Amino acid sequence: MIKLVATDLDDTLFSKDLTITEKNLKAIEFLKQNGVILILASGRPYPSVKKVAYDLQNFYPMITYQGALVYNPKNDKKLYGCEIKPEDAKELVMLAKDEGIHVHIYIENIWYVEVMNEKTEYYKNLTKLEPHKVENLLEFIDRPVTKVLFFEEHERLKALKERLPKDFSKKFNIMFSKPFFLEFTDINVSKGNALKFLTEYYGLKREEVMAIGDGDNDISMIEYAGIGIAVDNAVEALKKASDFVVSKSDDSGFAEAIEKVFNVHF
């Protein structure tokens, strides 16, 4: 019996226009009424995911920054954390500067950028957060960094990812959260590891957990869960790793997953 459901947000629970369908809202209400734990699991920063949680009145711990941090939104307590060393974060920022790629970082839930441009504006609209501008990220970084994000056209990022120094794969977890977002977290960070932590936190077994997602960053979570599900707009690698595929996020794929697993209809 499934007692915990973990879901990605963008392009999974959310439609492409960043709304939640009525059917998906009904599925969330069903989980609430039946005491099923709903875990929001996102690459987004904690303040952004917290806004979603309060909108949904869902106050269970949440997986943020690709699994780098797990927070309790009721009291803002950090339950789990795994961050990048300052010197390693500086290496990433230097690479982005050398390549002419837009880069931003997160430290203690604050989003820092060097330039304000259309990319900053897009990310602001996506996350509903305000950027903090600094003169020089390299000089600014003096504490552990939660996440470094490269924002650029997919083909450029894909080519860059393929020629990264070999030691990067030993220090960083590197993946696309969207085709134009290449994200770097500590090597031990994944949604799967964060979901494992929460499964144990609640004293549950993997068999009592289901997860649903769409991106490369969701694969570890899908593989860890007793039941792993992909929406139809998911990347092929995630579809292959999942137990089954449901409709696209725009077509209430999340609700369809709940219907299938819990044998209900909305």
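Two strands are taken as paired if DSSP finds at least two bridges between them. Helices (H or I, at least four residues) and strands (E, at least two) are DSSP runs, numbered from the N terminus. The structure is a predicted model: local features need pLDDT of at least 70, side-chain atom pairs count only at pLDDT 80 or more, and totals for chains, interfaces and linings use all residues. Residues are numbered from 1 along each chain as its sequence is written, and side-chain values use heavy atoms, with hydrogens and water left out.

Strand 12 has pairing partners in strand 1 and strand 13. Strand 1 and strand 12 run parallel and are joined by four bridges. In this pairing, T7 stands opposite I212. Strand 12 and strand 13 (residues 227–231) also run parallel, again with four bridges. Here A211 faces G228 of strand 13.

Helix 9 (residues 191–201) has K191, G192, A194, L195, L198 and T199 buried. These residues lie on the same side of helix 9 because they cover an arc of only 160 degrees around the axis. The arc is taken from the directions from the helix axis to the C-beta atoms. The buried residues of helix 9 pack against strand 1 (4–7), strand 2 (37–40), strand 3 (62–64), strand 4 (69–72), strand 12 (209–213) and helix 10 (219–224). Contact here means heavy atoms within 4.5 Å. G203 follows helix 9 and has a positive phi, near 70 degrees.

A cavity is a set of points where a 1.4 Å probe fits but cannot get out; a pocket is an open set with protein on both sides within 12 Å along at least five of seven lines; lining residues have an atom within 4 Å of a point. Grid points are joined across faces, edges and corners, and a volume is the space filled by probe spheres set on the points.

The largest pocket has a volume of about 390 Å³. Its lining has 19 residues, with D11, S177, K178, P179 and F180 nearest the centre. Helix 1 (9–13), helix 5 (118–127) and strand 10 (172–178) each supply at least two lining residues. The second largest pocket holds about 200 Å³. It is lined by 13 residues, and F14, L18, R44, V52 and D55 lie nearest its centre. Helix 3 gives the largest share of this lining, five residues.

Two cavities of 30 Å³ or more were found. Of its 15 lining residues, D10, G43, R44, S177 and K178 are closest to the centre. Three are nonpolar (Ala, Val, Leu, Ile, Met, Phe, Trp, Tyr, Cys and Pro), eight charged (Asp, Glu, Lys and Arg) and four polar (the others, Gly among them). The second largest cavity has about 30 Å³ of space. Q66, N173, M175, E183 and T185 line this cavity. Strand 10 and strand 11 each give two or more of these residues.

Key. 1 Å grid on protein atoms, 1.4 Å probe; cavity = no way out; pocket = protein on both sides within 12 Å on 5 of 7 lines; lining within 4 Å. Buried < 20%, exposed > 50% of the residue type's maximum accessible area, 1.4 Å probe, protein only.
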